[in-house]
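Subject: Model handover

Hi,

Here is the model we talked about. Please load it first, then read the notes below.

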Amino acid sequence: MSAVDLPVQADAQGVAERIPGLWKPPIVMGVFTILVALLVLVSPRDGDSTFRWSREGDWFAIPDVSLPANLIVWVAVLLCLLCTAYAAWRSYSRLKTPLVVVAAFALFAVSGFLAWAVAGKTLPVVGLLAGALALAVPLVFGALGGVLGERAGVVNIAIDGQLLFGAFGAAITASLTGSPWAGLVAAMVAGMLVALLLGLFAITYWVEQVIVGVVLNVLVIGFTSFMFSQVLSENAGTLNNPPHFPRLEIPLLSGVPVLGPIFFRQTILVYVMYAAVFLVAWALYRSKWGLRVRAVGEHPKAADTVGIDVIATRYRTVLLAGAIVGIGGATYTLVSVPSFGREMTGGAGYIALAAVIFGKWDPIKATLAALLFGFASNVESVLSVIGSPVPSQFMLMLPYVVTIFAVAGLVGHSRAPAADGVPYRKG
Amino acid sequence: MSEKGPENEPVENEPVETSDDRIGEGLMDSSSDADRVPEASRWHLALREITTGNALVAVLSVLLAMFFGSLMILFTDEDVRYGLSYFFARPSDTFYYGWEAISGAYVSLWRGAVFNDLGGTFTQQIKPITETLKFAAPLTLAGLGIGLTFRAGLFNIGGRGQMLLGGAAAAFVAVKLDLPMIVHLPLAILAGALVAALWGGIAGILKALTGAHEVIVTIMLNYVGYYLVFYALTRESLLQAPGSANPKSAPMPESAILPDLLGPQFNLHAGFLLAVLATFLVWWILNRSSLGYRFRAVGENPAAARAAGINVGVAYVSAFMISGALVGLAGVNQVLGSVTDGATSGLDAAIGFDAITVALLGRSRPFGILAAGVLFGAFKSGGFFMQASEGIPVDIVLVVQSLIVLFLAAPPLVKAIFRLPTKEA
Amino acid sequence: MRLALRDITKRFGSLVANDHISLTVEPGEIHCLLGENGAGKSTLMNVLYGLYQADEGEILIDDEPQRFKGPGDAMAAGIGMVHQHFMLIPVFTVAENVMLGHEATGFAGKLDLDAARKLVQEISERFGFQVDPDALVEDLPVGVQQRVEIIKALSRHAEVLVFDEPTAVLTPQETDELMAIMRQLKESGTGIVFITHKLREVREVADRITVIRRGTVVGEASPQASNAELAALMVGRPVELKVHKEPAQPGERALVISDLVVADEDGHVHVDGVSFHIDAGEILAVAGVQGNGQTELTEAMVGLAPHVEGSIKLDGREIVGRSVRKALEAGIGFIPEDRQVDGLVSNFTIAENLMLNRSYDKPFVSGGSLNLKKLDTFAKEKLAEYDVRAPGVSTLAGQLSGGNQQKVVVARELSRDLRLLVASQPTRGVDVGSIEFIHKQIVAARDSGVPVLVVSSELDEIAALADRIMVLYRGRVVGIVPADTSRDTLGLMMAGETPEGIES
């Protein structure tokens, strides 16, 4: 911190070359370009790939696009090469590669891959994206909660437990009351209960937070599975038969081609998600509350010395985060599936955690990461429906592999909040 | 261990630690008259440690967790709920049903885990304890692996993936090769350990080279490993049983199955022997070998270890590889010992996560882990018995197990609950 | 505002950190609190600031008893603190740091950053600081960060300011500027408590001096008292302020460093083309304000630095590019600057710590297995030889006092056949008795023909040990000067200026 910070540009050449990761983007992009090219070289595909853009209810229909698969892939490879070359030129000039270029590259590479995979068949693009968004909802809520907790200095491995308990609470309460809204509230309370335990052990008793999180997940799995077998399955009609949130079409907006069906023909929880992402991002960076939360996560003692109650701030933030994750849990039993089932989250909480890290502890970026992961899993399910040459297991693996690359620093340097995971012990 | 960070994160500027008025300073200040703290007082401390300290807290944690387990049984028991429906008319019924439910549960837990007095023959009577040891074997093996990484300051949450890879590799060698047992079995075991070691090593290598946090990496590797094994189970060229549509391998051949320890009437197999041997081996590594010394040094203070010439990266990689091998042996134990009718993608049976609690309960000490493994093995064996005889879902074992670990990690909480004296700050 | 502490007592377990300490601070007065490391100064201030609760005694403001439940209460009562370790959040801007805890807000709790900026500018102008409210704190030099701390306290209308060891990280010139700021604050009626163990500074600004030792007030002294008097009061016995050492007998050229460049993981260059040499049997002391490349220089010498260019030749053999282990095996002894972080494993026993740098091979390891008997014998020997006060070799290192911990590190490093000793801040946070002992050991190593590099941010230590002095500033050598160079000259050099007649 107090190091002699000689400006990089002003210094000798040898120094600037030490900027870490400067050449990473072009190298990674180059590797992926080669991979996409290999697809057609090793296994060229016959037939046209058709992309369908429209859905019923659009104001006007965009016609399907149908082109030879190999041609699309080669165009994609070309575009990827252009991006890679640009990134290489930026690196050569000792400049960072803009995020837009990386995003464009990803778009081209993914398009190329999809064209190759669906050769001879039709890919419903809108359905793919709308489904991706729906799949990403619990991940986004989970990631938002994770970001909040870690920004306040509490590592939350128990996102999965919060999702599962939220789903469980929502199912029972909604079934009993007949109201999905009551179920939603119950899910938030359930998420907060797990958060309370996390806070109790991590904040008050200084137990290593990774341990608390892992053990809480086991606890929630054990408890909900026990209750499922012992109580829910015998009384499925009254206890595990929740009413669902209906799909809510936003007037006008839902008719916009492509965008409408993706973003504005969803359930209320998706619209809550839009609001939650915006609110969390705004509050974290622009409000007094956010300043204090970040202070407590970066340097709790400094916060304490200006009169901020570190313990209370952390508890409040973790509880709020728990409620947010709980909403994500509610999406399982109030939107996606008919009733609660054992371990029904299938480890989604861990993907949410991955999104937190991949999104560099930023609410917006973490949301984007969660959407990306939702996209990856939906690509897998869409491809397995229309039949694809790639084994589904490898598609399913993708989010996890990407996250490993991310934490290994291949995607970029990230810095966790300084006091993340460190309990505050007051003198 | 449970209160230590994996990387010894810089202790925040805690007044006690870093301000120049270190509290310890006065304790043995060089210019002090009472220089030496007499050895006798250490004995005193040790005694106090037993009464106010860990041993008691451990026992109380187990009791407390079982108490919560009892509550769950109580409130979900149908008879009890029936009794509650007319509680004010005849409260004694509720208490009677409650007592029945709980005592029934614990008696059947005992019968399933230790000694079944209802068994017709002596063999049937003592079978439960052998079942306990059977369940203890993989828990201990995986617990040893995870405990070893704890001692090196690392979290291995990747038990699931390592077990899957280890089990799958052992199954591959078992079903694809046709060899005499004396070669086949050891080869299959070794293959499992080796592949799991390499799989575990990934997390170590990434941490050593790029600083990637091993918690995230191992969690993600669980899923990657799961899908890899799943993939292998859908390909006949790899693991899938020929002619089968299920993602499952062929049954293990006799020549690659861990032999029974007590004859065919018991399920206990040589996997338990493996676990006991591994316990001694890990004890030696940690306490008597220079490698283990370096693990502990790196675990306690990686910066100091590095400054003293210890290659921290190599320590991370080797700790993770040994850990992976041990966890992999747990997978081998499952495939070649406990469930020999073919490997599946569920062969880990969540032991990879249970083992974390085993390592914590055993305080990352090898023999502690063996004891914890046997205790949780007993819970498991008894839990299955309880499920069969009393209809109480075995999942309650997970609840009790995780509560034990939580309480154990927070002694002040347990002391507060039981109103025990806490040690002076 | 008149502040009084009356009979403050604070215990940690059986240890009494503060034993009935009383002191008063009048408005417009600089009251110095002088004491050794570990005397209980910081504990007392943490009590005053509400971070600790006193077990006995009370705090009075204008004769009104106060109860501080936390720092918030203390601040509200008009007490401000400039902490030894800055209480600033590195990734926040100056304005955000200043406003934290008493933020001006608009609608829905929206931060009013403009108000904070104005506040920073207004206070900066009043005291002639140059502080950009929108700069990130982590990008600011240490001296400026300290001013942010002062602005932070003043923005809360502090009437009594506590400075806790504020000069440890400053150049002599910056120290002078700080003294000027203190006087300016005093003129404006602020009461100041100045905590330090540096005698020179005390005598320069103090109106009153209270000396504490082992948690109790041992007396008051006048600013006119001599260094020796103050030191004797502080330590409790007459102190030798100088180590007796014979003139050096330099042998052949042992260590030659040329064009050394050291950069960190992020590419920042910390050592920028440094060349020097050390002869056998000579101590080269490196002076400079903390953070001018000393740490990185020593780390490069033992192979700890990630990016090193140039050459380090020990007895003609290249060190650069070797692993730490190989560097140590080449005969380098290394006393790291922070024993808690780099020197010791506090949960290891003394014996285990003594083999930390020899965990691969003989004498303590053979065939991959530990030789515990040999280690035990060795540890017992060293415990006696280095006067480590501990119940036994199986005592955990973390339970030792700072001085005894440091002796364990010194014992470990000096008990091998050394070809070079690198000692970084060898006596930081150590009591006076241990300082003398450790200095003697270092001089003894020199006399046995070992070349020694000592890094210290204390000019007293530099003066006590050096045969030659090298001054580093911003990663470059300002000059290499004889041991008897005056303090003023060294001070100028530490600020990067090259005085007349000195070749750089």
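Start with a pair in chain C: C:F163 stands opposite C:F194 in β8(C). This is a predicted model, so local features need pLDDT of at least 70, side-chain atom pairs count only at pLDDT 80 or more, and totals for chains, interfaces and linings use all residues. Residues are numbered from 1 along each chain as its sequence is written, while chains are lettered from A and ligands numbered from 1 in the order in which they are written.

**Strands in chain C**

Helices (H or I, at least four residues) and strands (E, at least two) are DSSP runs, numbered from the N terminus. Two strands pair if DSSP finds at least two bridges between them. β7(C) and strand β8 (residues 191-196) of chain C pair in the parallel sense, over five bridges. Strand β6 (residues 79-82) of chain C is also joined to β7(C), in parallel, by four bridges. There, C:V82 has C:F163 as its bridge partner in β7(C).

How many residues of strand β7 (residues 160-164) of chain C are buried? Five of its five. A residue is buried if 20 or more other C-beta atoms lie within 10 Å of its own, exposed if 12 or fewer, and partly exposed in between; C-beta atoms are placed from the backbone. In a regular strand the side chains alternate between the two faces of the sheet. Both faces of β7(C) are covered. C:V160, C:V162 and C:D164 are buried on one side, C:L161 and C:F163 on the other.

**Other local features in chain C**

Helix α9 (residues 294-301) of chain C has eight of its eight residues buried, so it is largely enclosed by the rest of the structure. Among the buried residues are C:Q294, C:E296 and C:E299. Just after α9(C), C:G303 takes a positive phi of about 85°.

Most residues other than glycine have a negative phi, and most peptide bonds are trans. C:H157 has a positive phi, near 60°, and is not a glycine. C:H157 sits in the loop between α5 (142-154) and β7 of chain C. It counts as exposed because it has 10 C-beta neighbours inside 10 Å. The peptide bond between C:K362 and C:P363 is cis, with omega about 5°. C:P363 is in the loop between α12 (350-354) and β17 (365-366) of chain C.

**Chain B**

Chain B has 18 helices and zero strands. It has 425 residues, and 57% of them count as buried. Two residues are in contact if their C-beta atoms, placed from the backbone, lie within 7 Å. Of the contacts in chain B with a separation of 6 or more, 72% are between residues 24 or more positions apart.

Helix α8 (residues 159-176) of chain B has 18 residues. From first C-alpha to last, α8(B) reaches 25 Å, close to the 26 Å expected at 1.5 Å a residue. That expected span is 1.5 Å times one less than the number of residues. 17 of the 18 residues of α8(B) are buried, so this helix is largely enclosed by the rest of the structure.

B:S364 is not a glycine, yet has a positive phi of about 60°. B:S364 lies in the loop between α15 (351-361) and α16 (366-390) of chain B. With 23 C-beta neighbours inside 10 Å, B:S364 counts as buried.

**Domains and the A–C interface**

Domain bounds come from an automatic or database domain assignment. Chain C is divided into domain 1 (3-235) and domain 2 (253-494). Their centres, taken over C-alpha atoms, are 33 Å apart. 10 residues of domain 1 of chain C are in contact with 10 residues of domain 2 of chain C.

Chain A is divided into domain 1 (13-120) and domain 2 (134-407). Here 31 Å separate the centres, again over C-alpha atoms.

Between chains, 30 residues of chain A are in contact with 41 residues of chain C. The elements giving two or more residues to this side of chain A are α1 (13-16), α12 (288-298) and α13 (300-305) of chain A.

**Confidence**

pLDDT is the predictor's confidence in each residue, from 0 to 100. Chain A has a mean pLDDT of 86, with 93% of its residues at 70 or more. Over residues 1-18 of chain A, pLDDT stays under 50. Where pLDDT is low, the predicted coordinates should not be read in detail.

Best wishes
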